[in-house]
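Please consider the arrangement of helices and strands in the structure shown here.

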Amino acid sequence: MATLEKIRSKSVFLIVVIGVALLAFIIGDALTNSQNIFGERTTIAKVGSTKIDFHDYQRKREELNNQLEEARRQNPAQFANFDTQVLAQMALDQLMQEDIVISAADKAGIRTTGNLLRYYMIENPQNQRVMDIVRQLNASGLSVQTPQQAYEVIFNPKRNGMTDAQMEPFQRLWLNAEKEMQETIKGSVYQRVLAGTVKANDLDKKALYNDYITTTAVDVAYLPYGSLDAKEYPVSSDELKKAYSEKKGLFRVDEETKDVSFISVSISASSADRAAARQLAQNTIKELRDSAGQLSKATKKEGVSMSHHAVRAADLPSGAVKEFVMNAPKDSVKLISETVQGFTVIRVGKRTEAVDSIQVNLVSAATEALGNKVLTALNSGLPADSVSVRFSTDSVAPQLNQWIPLYTAQGPTNAIADEMLDSLRSAGGRYVTLQGGPQGMLIGKIVEQKSPKTIYEYDLAEFVLGPSVKTVGDERAKLEKFLLENKTAADFVKNAEKAGYTIQNFSFTQSTPAVPRMMGMNSYYPDSRQVVRWVMIDGEDGEVSHIYESKNAITPALYAVAVERSYDDFVPVSNPDVNAMLTREVRASKAGDKLVGKFSKKTQSLQSAAQAMGVDPVNVSTFRFGHNAGVADPAVMGRINGSKADKKVVITKGEDGVYVYQVTGKGSEKFPFSDQMYEQQYYQLVNPNLLEMIKGDNKVKNNIYKFEAGD
């Protein structure tokens, strides 16, 4: 069913709602544009007359890659495990979305006004492209803080002491950003106009209002079907074909789709690997005890890493590390952790007393000569807060009472160079020169420093256990043997369980980023994009792939896939999810007919029917259309709301069970009518997909995998 839901909702044009920081594009495989697609060598995708050129795609990749790098710099923890496999399709989705909307806006004659362009380029600080230009100007030595200042420097270079040639690259960047912004504004305006066409008329709004204020008093008894016995309710192939024919429109697909069976082999460390790790732990302990805390090259080559730490007591990690470091003698060594994931050995270092933060006054001067004057004045009694008064504020910049941390939870900060710190401490409370030269001078003095604290030093030798080369090789040989003996998709599926493998079923298209952990999930098997590429480009119905590999040293995996069937119009009835859905519905319908027949004789009253069904009836005094807990079947819901208050006992089958109900009254609430409220409710009910409205019946022709290198 998950596959079916994925197919139903599939659209390459779904708006990708992610922050700018999330976007990136890093693909391990090389890309090639040597294919001749649609008769055009550089068209990577198209819909209707809208085409995406490979060169535009490459520019989008670079843009997304830069955004990811920036995001990882700003928040490395959040994006450390971001799966870049998904971003190939995201890049194409963005281009498709932009180009389709812009093409429609051009046809509608929408243009961008100068006032709007000025606002988004200069007055709106959220324009990422413009702020990138501001940063580049500063990196080149030009001090600008705002888009307005950037524009002034770029397009009036001589007024700002620059030449036209120096500013020409920045002018190109700005004009390109303007062009992109014009398109963005145009598309935004068009989408607002298009959204405005989806409006409720007076009848629509009144109907929604009436559905809400009209109430029904009803007694309901409900018996769910639960798990139905296939032997008691068999479903024939003819019945499935008939059900499929009636609902075929639900199974339309926008792209060529292939149903596959997939095997993933996650390789763990063997018992031999774990035994070797235990011996490695003992070797590590011996080396740290015998060689002044140094690991041999051989031990490092085995994967043992060494890290040095120097922290305050409060920053020691709680548990075994803290207890051992604070209490064991110097040079003591201990194995503090040994699990199936690896081991950790600790060696205690020296303890020292150190100040963990100081408060300083700093004064920078534009020239060395000016700095000497400032230094003399400060050491002659001039208060630091009077420096800006006596000397030009443009040439002297004081920073008073600045606390500088020398240690944090991560250890020494190195926030101030050792030689500077020594100069400050040996100055005896006077100002000293910390840096000096033709470019200026930095002057400083310690105002206050914290009392010394004990700094604990220790080394951690850590090993993360993964499967050995032999273990991986053994698993690969086993899978290769299975594939040699099962060269067709039918045999692949039939014999997988006997060989110890679990089959997962998926439906792939060119828009599938990688193999998902489960259908419908946005979590993917590492390095599995290569598998999807084989399926979509090389795999034929009935064929089985060779082995693909994720070569992570700690959690490697092997993949193999078989192509069951392919289609580009409708999901066939042979698809497992479609087959299961229709089988379930036909079986439920049969069960409903049987149960209705069984309980019909017991419906002299609702109570007698409920008793025969073995359930308790429920009284609902204000049953509303579309607002009813306990009645999930919309057809039954409609029947109840459309019934007269004749107290007739009705038994009917629903999609999920058998219902018996008795309408005892009709009512109407006296809520005031709000035109605006029901206008909004109508839009939410329709929930228009604007991109689908623009796309219409045009199918997507996505050939992204044809531009990626294969095996």
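The paragraphs below treat a sheet and its helices, then a group of paired strands, and finally a pair of helices.

This is a predicted model, in which local features need pLDDT of at least 70 and side-chain atom pairs count only at pLDDT 80 or more, while totals for chains, interfaces and linings use all residues. Residues are numbered from 1 along each chain as its sequence is written, and side-chain values use heavy atoms, with hydrogens and water left out. Helices (H or I, at least four residues) and strands (E, at least two) are DSSP runs numbered from the N terminus.

Three strands form an open sheet in the order 2-1-21, with antiparallel pairing; two strands pair if DSSP finds at least two bridges between them. Strand 2 (50–53) and strand 21 (700–702) are the edge strands, each pairing on one side only. From one strand to the next, the twist averages 15°. Strand 1 (residues 43–47) is joined to strand 21 by three bridges, and V47 has V700 in strand 21 as its bridge partner.

Two helices lie across these strands. Helix 2 (residues 54–74) lies across strand 1 and strand 2, at about 60° to strand 2. Helix 4 (residues 87–107) lies across strand 1, strand 2 and strand 21, and runs at about 140° to strand 2. Axes are lines fitted to C-alpha atoms, for helices over the stretch in contact (heavy atoms within 4.5 Å), and angles run from 0 to 180 degrees between N-to-C directions.

Attention now turns to strand 17. Nine of the 11 residues of strand 17 (residues 557–567) are buried, that is, under 20% relative accessible area with a 1.4 Å probe, protein chains only. Strand 4 (residues 257–266) pairs with strand 17 in the antiparallel sense over 10 bridges, and K258 has S566 as its bridge partner in strand 17. Strand 16 (residues 548–550) also runs antiparallel to strand 17, joined by three bridges, and E549 stands opposite L558. A hairpin of six residues connects strand 16 to strand 17.

The last topic is a helix pair. Helix 7 (residues 147–155) and helix 8 (residues 164–196) pack at an angle of about 130°, with axes 9 Å apart. That angle makes helix 7 oblique to helix 8, since angles under 35 degrees count as roughly parallel, over 145 as roughly antiparallel, 65 to 115 as roughly perpendicular and the rest as oblique. Residues in contact include Y151 and F155 of helix 7 and F170 and W174 of helix 8.

Conventions
Buried < 20%, exposed > 50% of the residue type's maximum accessible area, 1.4 Å probe, protein only.
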